[in-house]
Amino acid sequence: MTMHTPPGPGSWFAAPDPSPYAEAVLFVFPHAGGTAPLYRAWAETLPSTVDVRVLRLPGRQERLSEPPFTRLAPLLDELQEALEAELDGRPYLLFGHSFGGLLAYRLTVAMEQSDGEVPQLLAISGWAPGLSSSRELNLVYEMTDADLLTRVAELGLIPDGIPANRELLATVMPSLRGDFCVAADYRDDEVAVHCPVAAYSGTSDPLLVPDGPDAMSVWADRSETFLGSTEFPGGHFYLFEHAAAIHSSLDRHLRRQLAGTWPPSETSPTPRPSPLP
């Protein structure tokens, strides 16, 4: 197996602590306007048997000089190419939160439709097709910067720890607006994926509450193997408070998926860690 080297500026996935001999790779897709550093911290409690890659889209952090995407199809084309370049034969998982859930879902659809290597698990957090709150934000292109920031804050879409200073928030406006434009470009075709799907959410998430307690149950119709929906106390960014519990759930699902295919044969020339206990 080729050793993975840390990505340079312009790369699509950040690898905070590359582990080329880990059992599996987890690709993390942040929320709208989200950056890789925030999710690197979130991923710290993942077991060492999981190699983490965090998506970093154009228009933020190391890619600040690149214009953000505003349409879904060209973004998915670039994402699929970038993901395929990262795959090295190890099984992989996709975890997407909010806007990242949309990207992870449609990327899985694209991989399956192109007969690509599909994930062992698609984990969706805080997003489902057809949410009433999403329809409101579809009008983001009509909002001024001030109106957008106000509405985003009201919906709890700014995570704790991000300064409320509007001047600082304005620096993320192009990427935030671009991400919402990409989301608004999505038209649900109700396509189901063949890989297992697990759903996660916060009990008081303002994006989900208007659609009732079963807002995430739509995923039962989007997968041949739905692993259920797990709720945690908290709002839209519940996942930062409950990172360890979510990681435990992902690890449990992964072990079950790999039960029939791991560890590799004794003739494999690449050293691997022992199976999880």
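## Second largest pocket

In this predicted model, 20 residues line the second largest pocket, and those nearest its centre are Trp-127, Ser-134, Arg-135, Asn-138 and Ala-183. The space in this pocket comes to about 330 Å³.

Three helices each contribute at least two residues to the lining of the second largest pocket: H3, helix H4 (132–137) and helix H7 (173–184). Sorted by class, the lining has 13 nonpolar residues, four polar and three charged.

## The sheet

Seven strands form an open sheet in the order E1-E3-E2-E4-E5-E6-E7, and their pairing is mixed. Strand E1 (13–14) and strand E7 (226–232) are the edge strands, each pairing on one side only.

Helix H3 (residues 99–113) packs on this sheet, where it touches strand E2 (24–29), strand E3 (50–55), E4 and E5. The direction of H3 makes about 145 degrees with that of E4. H3 is also one of the helices that supply the lining of the second largest pocket.

## Strands E4 and E5

Strand E4 (residues 92–97) pairs with strand E5 (residues 121–125) in the parallel sense, over five bridges. Across this pair, Leu-94 stands opposite Leu-122 in E5, and Gly-96 stands opposite Ile-124 in E5.

E5 is mostly covered, with five of its five residues buried. Leu-122 and Ile-124 point one way from the strand, while Leu-121, Ala-123 and Ser-125 point the other way. Residues on both sides of E5 are buried, Ser-125 among them.

Definitions and conventions. Residues are numbered from 1 along each chain as its sequence is written. This is a predicted model: local features need pLDDT of at least 70, side-chain atom pairs count only at pLDDT 80 or more; totals for chains, interfaces and linings use all residues. Side-chain values use heavy atoms; hydrogens and water are left out. Two strands pair if DSSP finds at least two bridges between them. Helices (H or I, at least four residues) and strands (E, at least two) are DSSP runs, numbered from the N terminus. Contact means heavy atoms within 4.5 Å. Axes are lines fitted to C-alpha atoms, for helices over the stretch in contact, and angles run from 0 to 180 degrees between N-to-C directions. On a 1 Å grid over the protein atoms alone, a cavity is a set of points where a 1.4 Å probe fits but cannot get out, and a pocket is an open set with protein on both sides within 12 Å along at least five of seven lines; lining residues have an atom within 4 Å of a point. Grid points are joined across faces, edges and corners, and a volume is the space filled by probe spheres set on the points. Ala, Val, Leu, Ile, Met, Phe, Trp, Tyr, Cys and Pro count as nonpolar, Asp, Glu, Lys and Arg as charged, and the others, Gly among them, as polar. Buried means under 20% relative accessible area, exposed over 50%, partly exposed in between (1.4 Å probe, protein chains only).
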